[in-house]
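Please look through the model below before reading the numbered points. They go from the whole chain to single residues.

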Amino acid sequence: MGRRVRVKSGNITLLWHDSIDNEPPLKYKFPELYEICNFQDCTIAQAAVCEINSLFRRRLNPALSCQWRAIGDWIRSLHLSNDCDVVW
């Protein structure tokens, strides 16, 4: 399942690849979004400020837009700080 992280600033945590809060990586939960993502190795901090038009290869249909909004809501719920992420 890869490395585990404690998200603080999101500066190290890979959005699609890292297991967070004992959940599987997002690439397994949202495989269609992962497949069309231009930046599959982006961190949470990068995804939080990235324009959706540059993040994905094509325009998102309503179902994929809903999934991306859910991920965005989850990122905002993390309350990112200035501290470095912890990896183990």
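1. Overall size. The protein chain has 88 residues and a radius of gyration of 12 Å, which agrees with the value near 12 Å for a compact globule. The radius is taken over C-alpha atoms, and the globule rule is 2.2 Å times the number of residues to the power 0.38. Along its principal axes, the C-alpha trace spans about 35 × 25 × 20 Å.

2. Basis. This is a predicted model, in which local features need pLDDT of at least 70 and side-chain atom pairs count only at pLDDT 80 or more, while totals for chains, interfaces and linings use all residues. Residues are numbered from 1 along each chain as its sequence is written, and side-chain values use heavy atoms, with hydrogens and water left out.

3. Secondary structure. Five helices and three strands make up the elements of the protein chain, in the order β-β-α-α-α-α-α-β from the N terminus. Helices (H or I, at least four residues) and strands (E, at least two) are DSSP runs, numbered from the N terminus.

4. Of the 88 residues, 35% count as buried (under 20% relative accessible area; exposed is over 50%, partly exposed in between; 1.4 Å probe, protein chains only). Among contacts (heavy atoms within 4.5 Å) with a separation of 6 or more, 58% join residues 24 or more positions apart.

5. Nonpolar core. Which residues have the most contacts inside the largest nonpolar core? They are L15, W16, L33, F56, L60, W68 and I71, in a core of 21 residues. Helix 2 (31–36), helix 3 (44–49) and helix 5 (62–77) each give two or more residues to this core, and helix 5 gives the most, with four. Such a core is a set of buried Ala, Val, Leu, Ile, Met, Phe, Trp, Tyr and Cys residues joined through side-chain atoms within 4.5 Å.

6. Surroundings of L33. Not counting residues up to four places away in sequence, L33 touches W16, F56, L60, L64, Q67, W68 and I71.

7. Positive phi at D21. D21 is not a glycine, yet its phi is positive, near 55°. D21 lies in the loop between strand 2 (19–20) and helix 1 (26–29). Its relative accessibility is 60%, so D21 counts as exposed.

8. Positive phi at H79. H79 is also not a glycine and has a positive phi of about 50°. The loop that holds H79 runs between helix 5 and strand 3 (86–87). With a relative accessible area of 65%, H79 is exposed.
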